[in-house]
Amino acid sequence: MNLMLDVLGNLERTHTCGELRESHVGRHVVLMGWVAKKRDFGVFTFIDLRDRHGLTQVVVSEETAAEAHAKAKNLRGEFVIAVKGEVVSRAEGTHNAKLATGDIEVYVREILILNDAKVPPFQLEVAGSENLASEDTRLKYRYLDLRRPALQQNIIMRAKAVKAIREYFDDRGFLEIETPILLKSTPEGARDFIVPSRIHTGKFFALPQSPQILKQITMISGLDRYYQIARCFRDEDLRADRQPEFTQLDMEMSFVNREQVYREMEGMFNHVLKLIDVNLPAEWPRMTYSEAMRRYGSDKPDLRFGMELQDLSDSLKESDFAPFADTLRAGGEIKAIVVKGKAHYSRKQTDELQEFVRRYGAGALAWIKLGDETTSSLLKALGEPKIAELASIAGAEKGDAVLIVAGKKPVVAAALGALRNEVARREDLIERDRYECLIVTEFPMFEHDDETDTYVAAHHPFTSPMDEDLELFRTGVNDPSQHHLLGQVRAKAYDAVINGYECAGGSIRIHQKEVQALNFKALGMTPESARARFGFFLDALEYGTPPHGGFAAGIERTCMILCGTENIRDVMAFPKTASAQDLMMDSPGDVDNAQLDELGIAVIEPHP
């Protein structure tokens, strides 16, 4: 189609497409936006004009605006236009309650066609997410996907959330301080993204996984209340709620204990969730890590439903059934969840659940169904009396199903914790308009790596041990025969959890050089390697470091809760795919050889 496009000139829009109401009737207005729909009724053409603020119906009449009407005939979806006209009330019976502007329409006197548009590769407005084009297609044409009102509302909500965070911390006397993006590589768990230096050939910067060390240095500097909306980068495998680059709220305070930091976490999230009219308690419930794992098999339990884990180990410690006896002899455990009213689970359904728990390392899923008759996959092995006893211990009643996993404690927790969430999702047990919050405390300081028989930091290596465990920590580090004691050391680490999402995590930091050096030693660093990686930080600790602590909160995860989505890409303007690609820009991409030569870099094909 060859159209003569119009020039905007000095024309200015007077209102957005979501602004006009009955109070504007009689006004002459200028609207600009995209053609969402066009309906041609001969002498009348109706156009739904859209911008990010909403949608307004405009009407072009052949009788009163012949030239504009002729132009309207050429319009298609996504054309960019400006219209001049008068706001009128809609005729009785034609009001549209679904639109904020549904009581009015604009009678057009003039149309300017500012740009045409190709037919989009997918429909922008569809009923229901299941009718959307594939995600890869939408990511390739992200600029079109972002025109969808639902996605625009998510991006708008994200902007409001960041504004609310800044309001909260500004009002509390915190300073917003920017930290560098080009840093030194000091791996904290995930792989760094590396940036070569042209000026210093063979040297590399690293993009920050977090501003952790720098925010601690602001505390050493006396800037005792810091926050930042920080861009962070981690070269790690992706999941539904992970991206290689993401944004976090970063905050740190001096001269504080854990409860003071908890209050700031609670206050900030309570302030932000008011954006969706959710009022959380002023003081959130507290739960230790060990209690959360014991009751829910997860350090981020979703408290919107029950199904707590029930321990059957004591009842089975004298069992002759080899799989259970071997498990308990090896220090494992046997636990269950009760699914209310699901004694009718079919063989196909229990097989599906069995395959599900195997993903988490469980060998099998045993079951008891309390229907009109009690049936169980363990009936032959244990007998009816023991089956009835196990069902009673688990708290099951007639009509319920009991799902049982045996194995090492971490495997049982992971498998049943995940199964609990999966069953709640499948059986629609989650109240979607309910918000349950929790602060999980006293995380383990270290995790044991079975392959290397070493201890690694459960968090970052700057997390302080609990005061009560400090001697245990020192003994475990300094006495090789007592190294196993590190597995008992608790950290002053904590997470904020909302509806099963870890929304924030933090700790009280180590502020004494001797304790920090011990922690590096516990993680297998020699004094030389610790100095090579963190020497500047160890030096800084020698100049009067105050006690300090803080937390970081994921902006994307917070916005997922605000927007009611389980896909992190729904709350990011330009996300990557699950394989860390930008389909719109086709990146990562090749770099010109001349640029590589300038950096002193050669690309070597990996070995097959």
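Here is a tour of core, surface, salt bridges and cysteines.

This is a predicted model: local features need pLDDT of at least 70, side-chain atom pairs count only at pLDDT 80 or more, and totals for chains, interfaces and linings use all residues. Numbering starts from 1 along each chain as its sequence is written, and side-chain values use heavy atoms, without hydrogens and water.

**Core.** Select F169, L249, M268, F269, I498 and F551. They have the most contacts inside the largest nonpolar core, which has 43 residues (buried Ala, Val, Leu, Ile, Met, Phe, Trp, Tyr and Cys joined through side-chain atoms within 4.5 Å; buried means under 20% relative accessible area, exposed over 50%, partly exposed in between, with a 1.4 Å probe and protein chains only).

**Salt bridges.** The whole structure has 47 (a side-chain nitrogen of Lys or Arg within 4 Å of a carboxyl oxygen of Asp or Glu). Select R172 and E264: their closest N and O atoms are 2.6 Å apart. R172 is partly exposed at 40%; E264 is buried at 2%. Next, pick D302 and R304, bridged at 2.7 Å. D302 is buried at 6%, and R304 is buried at 9%. Then show K348, E352, E422, R425 and R426, a network of salt bridges.

**Cysteines.** How many disulfides does the structure hold? The count is 0 (the cut-off is a pair of cysteine sulfur atoms within 2.5 Å). Select C559 and C563. The closest cysteine sulfur to that of C559 is in C563, 5.9 Å away, too far for a bond. C559 is buried at 0% relative accessibility.
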